Amino acid sequence: MAPKGKCRGPKAQTLASPAAARPPPPHPAPALSATTVADLTEEILHAILRSLTPADLLRAALACHRWRRAASRALPPAPPLLGYFFHPRGPAERPPAPTDDKTHYPAVFVPLDAASPRLSLELNPGAARGLSINDVHLGLVLLLLHDRPKSLLPRILAIDPASRRRVLMPPPPRKTLRGDRWHGDRSVIGVAVLSRAHPSRLSFDAVCLTIDGDLPRAWVASVRDGDCTWRALPRAEGVVVDFDPWWFEARCVHAAGNIYWHICNSSRLLQLDPRTLEFAFMPVPSVLGDHFQKYRIGEMPEDGRLCMAAIVDEEDLQIWVRGSARWSDRGWLLEREMCMTKVLDTIPELPKNSRMRILCTWLSDIDYARTGKVFIKTWGYGRYSFHMETGKLEHLLMDDGKEYGDPMYAYTLAWPPEFLAPKH
């Protein structure tokens, strides 16, 4: 009998533990060095920032001092277009019904695209119904009472929709113009922004245009952080308004450094130089003004030259630029001409008859934002934008069925933003 604790047969083998059976782990690969934003060179950072939209560029500028300096060098030269302010219009009935719904709808803002901010004038319903936009420039919106006596100097509400700042500017006090003997036959035409001292504060200059007797006068308001002071300039001798001031359009156009007011059925415009505050009449081409063509003044989209557009005989869109040459027409040169017949043929139910088409279709504006678009109004057939380069015609209709109003005020930020403006 075998002794206890002994085993018969071959000698027992000791088995390795499961952990010992596994092969040794491989050596870890050396870690790759991670690249951070701090490692970006100035050239790469500048290239990245230049590829951003203006809104994203401003957000990136808030990251740190280095990015702010880089963003200031990557700013586009022109302010970004955010959208349009206008007073909507109800759809007009077809001829011979009246051309417009006379209801004064409160101003609205339509953003350029989904990435643009949704701005608002933030007026209570009662105030919104009684105020009318008179100018939009340098990030400011100027509004006047819609129904007001034409001889009384108005209060002006100035709003910066981006910063939500606002100021109600009182009318000029009586002592502003001593011995005022023109108050009885004065006509207030409109107001305009002259300049803005600080993009992020309500510090700006504005002008109120009046016709005193038969001469224009500029009333200049200086607003500094809410405080408003007025001064009245002498009447512009030699610029005689020998027609009823009612023919002036109330709103102005900022173009090529000057301010212009259209005059209905006239062969000239009123021009104001915002630097010298001097008035002058500017003639329009004789083929337009002498034949009562509907013309609009503005800027060329590619270089900002002063230009004028008109749809002549409802067939040709003509673009004129300011310039002198042997063949110029009162200092204007015909730069471009394009046939509009096929374009207008795409408007549903628009009459084909040339006389009816002349009656029902006219050019309302050149886009102030220099997008290459002009705006076209029709009598009962809708409101449209037309891109002069692509030939695209777009119907401008709101979700509630109302049409885009006239005029359409392009809204851009005050530029450049103060925190990115170069230090002098």
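Predicted model: local features only at pLDDT ≥ 70, side-chain atom pairs only at ≥ 80, totals over all residues.
The largest nonpolar core brings together 28 residues, and Leu49, Phe85, Ile133, Val141, Leu143 and Tyr411 have the most contacts inside it.

Turning to the rings, the structure holds seven aromatic pairs. Phe85 and Tyr411 make an edge-to-face pair, because their ring centres sit 5.6 Å apart with the planes at 85°. Since Phe85 belongs to strand S1 and Tyr411 to strand S23, this pair ties together parts 326 residues apart in sequence. Tyr411 also pairs edge-to-face with Phe109, at 6.4 Å centre to centre and 90° between the planes. Here too distant parts of the chain are linked, with Phe109 in strand S2 (residues 108–111) and Tyr411 302 residues away in strand S23. Phe85 is buried; Tyr411 counts as buried at 0% relative accessibility, and Phe109 does so at 12%. Elsewhere, Arg268 lies over the face of Phe281, 4.1 Å from the ring centre.

As for the sheet, four strands run in the order S15-S16-S17-S18, paired antiparallel and left open. Strands S15 (295–299) and S18 (332–339) form the edges, each pairing on one side only. Neighbouring strands are turned by 25° against each other on average, direction ignored. Within the sheet, S16 (residues 306–312) and S17 (residues 316–322) pair over six bridges, and Ile311 stands opposite Leu317 in S17.

Conventions: Residues numbered from 1 in each chain as written. Heavy atoms only, no water. Core = buried A, V, L, I, M, F, W, Y, C linked by side-chain atoms within 4.5 Å. Buried < 20%, exposed > 50% of the residue type's maximum accessible area, 1.4 Å probe, protein only. Pairing = 2+ DSSP bridges. Helix = DSSP H or I, 4+ residues; strand = E, 2+ residues; numbered from the N terminus. Axes fitted to C-alpha atoms, helices over the stretch in contact; angles between N-to-C directions. Phe/Tyr/Trp six-rings, centres within 6.5 Å; stacked < 30°, edge-to-face > 60°. Lys NZ or Arg CZ within 6 Å of the ring centre and 35° of its normal.
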